[in-house]
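Student: I should like to go through the reasoning behind some of the descriptions given to this model. May we begin with a helix?

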Amino acid sequence: MRFVFVLLALVFAVSAAAVEEKYDFANDEQAALFAELTKELRCPKCQNQNIADSDAVVAKDLREKVEQLVKEGQSKDQVIDYMIDRYGYFVHYQPPVTPATILLWILPGLIVVGGFAFIILRQKKAAQKASWSETDEQQLQKLITRYKRKESA
Amino acid sequence: MNKKWFVLTPLAVFILLCAFLLKGLFSDPRELQSGRVNQALPAFDLPDLMEPQKRWTNADMAGQTYLINVWGTWCPTCLAELGYLTELRERGVTIVGLYYEQGYDPDFGDRFDLAALQQEVRDMLARAGDPYQFNMLDLDRQFILDLGVSGAPETFLVNGEGKVLVHHTGDVNERVWRAKFAPLLGE
């Protein structure tokens, strides 16, 4: 067990070192911003990879551009806007709320609310349906007397 | 009545799902949104590929409607579309080549051999057709990045006011031309 932990620790240590070796930023904030941005920006060529993971030429170019802009002291939003200006919203993994995408936010809520409404309505209907008739009452009385007799016997 | 409707719900959901997935099956994931359509062409100031002392800027193309074709000799699809582009040139379409050099990386100590590249380009264009009025070389790929290019080939349609009307990813052929470019040129 301990061996596994040591192995895991080693694996993570290697990846941490790998990130830091190539870029020399003036401070930790910039390094953190660069790591955050390259994870959030999407490679336009090899889809479903972020630019930190991808080896495509365009991903490399974007990484270098992000590095340059971060070193110039630009904020996260400025860098993302720079990329969106060129590559469209596709390049950012966080889609903006627009009339076309609003459904993504609304739909889950609608499904939950609709589900609850459905359950409550059905319960109400079921409660209304169960009317207690004379014959039910007689049958119930019969059963009660029968089991009472059994108990006393 | 109510129950019948209830029974049909799974079928309705199934049909909707089928329609959604079928649409996804035939949609082209390379068909990307572009940030540059309907906006001004970014500024460029690039050397000519064949005569590096000559530089091209936006001003040289002012007032003309033309295509910018991003291509490279390393790209097989570019080779495949050269024939059709040459046909377009013969029909009077102005096409400017934007050469995408992807092998060169100064970080790895690569040396860029312009003469060899020029020869390679000359050979390829002689073999497959030369659709270009001229070729620009964007060695550091800054203009290519400004255009939102993700690979090659990609083709842009720019109008006389310097506005980008179309950004097409992939090869240009008769079908693409009729669907995306011709309507905007009033053909």
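Tutor: In this predicted model, the buried residues of α2(A) are F34(A), L37(A) and T38(A).

Student: How do you know that these residues line one face of the helix?

Tutor: Viewed along the axis of α2(A), the buried residues fall within an arc of 95°, so they line one face. An α-helix has 3.6 residues a turn, so residues three or four places apart point the same way. The buried residues of α2(A) pack against α3 (57-71) and α4 (76-87) of chain A, while D28(A), E29(A) and A32(A), on the other side, are exposed.

Student: How do you know that the length of α2(A) agrees with its number of residues?

Tutor: Helix α2 of chain A has 13 residues (28-40), and at 1.5 Å a residue they should span 18 Å. The end C-alpha atoms are 18 Å apart, and therefore the two values agree.

Student: What makes R141(B) buried?

Tutor: The cut-off for a buried residue is 20 or more other C-beta atoms within 10 Å. R141(B) has 20 such atoms, and is therefore buried. R141(B) lies in the loop between β5 (134-137) and α4 of chain B, and has a positive phi of about 60° although it is not a glycine.

Student: Why is N38(B) called exposed?

Tutor: A residue is exposed if it has 12 or fewer such neighbours. N38(B) has 10 other C-beta atoms within 10 Å, so the term exposed applies. N38(B) is placed in the loop between α1 (2-26) and β1 (45-47) of chain B, and its phi is near 65°.

Definitions and conventions
Residues numbered from 1 in each chain as written. Chains lettered and ligands numbered in written order. Predicted model: local features only at pLDDT ≥ 70, side-chain atom pairs only at ≥ 80, totals over all residues. Helix = DSSP H or I, 4+ residues; strand = E, 2+ residues; numbered from the N terminus. Expected span 1.5 Å × (residues − 1). Arc of directions from axis to C-beta. Contact = placed C-beta atoms within 7 Å.
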